[in-house]
Amino acid sequence: MDLQLQSKTAFISGSTQGIGYAIAQQLLAEGATVIINGRNQAKIDAAIQKLRQEIPQAEVLGIAADFSDVEQVNALIGTLPQVDILIHNVGVFELRDFIDITDEQWLSIFEINVMSSIRLSRVLFPKMMERGWGRVLFISSESGVNIPENMIHYGMTKTALLSISNGLSKLTKNTQVTVNSIVGGPTYSDGVAEVVSRIARAQQLSEAQMKELVIQNTNPTSLLQRFINPSEIANMAVYLCSPLSSATNGAVTRVDGGVLTAL
């Protein structure tokens with residue numbers, strides 16, 4: 001299927017690995033120009049090299065910015081060319097008991113996971129409206145609906161993204177700009193893989209055994225009964241970014257493997 005993305009330019013925050021990288025990969029395969037982002041230039045250069053090896057015709061650029069630093073985010077925004085597709089993917093997570101989460105940690109995770117999307121949208125969304133076409137996509141999580149007891153601060157940020165997406169979509173009436181969000185389920189991203197591997201080593205289990213235990217114990221309602229691959233999130237994301245998705249606006253699209261029992 002031709003997703004009609006050959007003339008589009010996309011920016012994806014937090015895209016040197018995991019879901020963001022998988023989305024970049026598929027957009028590039030569809031002929032879009034993609035600007036990736038990571039915290040340092042070394043990660044960006046490595047990701048660009050890998051993408052060009054996988055997709056020789058790839059039109060891919062990269063801009064480094066640490067989204068915990070407002071000045072770096074503002075500098076990034078100032079260097080962006082015209083962006084047709086804005087994908088809010090950057091996000092950090094950690095396991096932490098509620099009573100141990102300090103004010104600074106609450107503010108830090110909100111700064112990265114939420115304020116990054118606000119700052120980018122505040123500048124790029126009006127330009128899409130002026131041009132009459134655009135796609136804004138928020139990568140949220142089932143953790144924003146079914147809040148994990150050991151990641152309440154993370155869940156809060158993912159709930160916030162759903163609110164921002166919903167509100168922005170209401171500003172797009174009678175235009176060809178759409179704003180949607182994806183509620184992803186437990187995905188085997190690089191960050192999750194690192195945590196699972198560390199726990200597996202500590203418990204003297206194989207990574208495969210640990211993955212199965214995690215799904216059974218923390219996601220018993222999963223219909224997939226396995227972790228989601230980042231490419232499976234990307235499949236939906238790239239469609240929602242395409243002209244073919246013109247009738248999908250203000251939507252919360254589940255790619256959660258059936259973990260959620262209601263939304």
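This is a predicted model: local features need pLDDT of at least 70, side-chain atom pairs count only at pLDDT 80 or more; totals for chains, interfaces and linings use all residues.
Residues are numbered from 1 along each chain as its sequence is written, and side-chain values use heavy atoms, with hydrogens and water left out. The structure holds four salt bridges, and a nonpolar surface patch is formed by Met-1, Tyr-239 and Leu-244.

**Helix packing**

- Two packed helices are described by the angle between their axes and the distance between the axes.
- Helices here are DSSP runs of H or I with at least four residues, numbered from the N terminus, and their axes are lines fitted to C-alpha atoms over the stretch in contact, with angles that run from 0 to 180 degrees between N-to-C directions.
- Helix 4 (residues 103–131) and helix 5 (residues 152–169) have axes that come within 8 Å and cross at roughly 15°, which makes helix 4 roughly parallel to helix 5 (angles under 35 degrees count as roughly parallel, over 145 as roughly antiparallel, 65 to 115 as roughly perpendicular and the rest as oblique).

**Salt bridges**

- A salt bridge is counted where a side-chain nitrogen of Lys or Arg lies within 4 Å of a carboxyl oxygen of Asp or Glu, and the accessibility classes used below are buried (under 20% relative accessible area), exposed (over 50%) and partly exposed (in between), with a 1.4 Å probe and protein chains only.
- Glu-94 and Arg-96 meet through their side chains in a salt bridge of 3.2 Å, N to O; Glu-94 is partly exposed at a relative accessible area of 27%, and Arg-96 is likewise partly exposed at 27%.
- Arg-119 and Glu-111 form a salt bridge of 2.5 Å, N to O, and Arg-119 is buried, with a relative accessible area of 11%.
- Asp-256 is joined to Arg-254 by a salt bridge in which the closest N and O atoms are 3.1 Å apart; Asp-256 counts as buried at 4% relative accessibility, whereas Arg-254 is partly exposed at 35%.

**Nonpolar surface patch**

- Met-1, Tyr-239 and Leu-244 together have about 320 Å² of accessible area, a value from the Shrake-Rupley method with a 1.4 Å probe, for which only the protein chains shown count as cover.
- Patches are made of residues with over 30% relative accessible area and no salt bridge, with nonpolar side chains (Val, Leu, Ile, Met, Phe, Trp, Tyr) joined within 5 Å and like charges within 9 Å.
- Tyr-239 lies in helix 8 (residues 230–240) and is partly exposed, with a relative accessible area of 30%.

**Ala-47 and Gly-62**

- Ala-47 belongs to helix 2 and is buried, with a relative accessible area of 4%.
- Ala-47 and Gly-62 are separated by 15 residues in sequence and by 8.9 Å in space, C-alpha to C-alpha.

Terms used
Helices (H or I, at least four residues) and strands (E, at least two) are DSSP runs, numbered from the N terminus.
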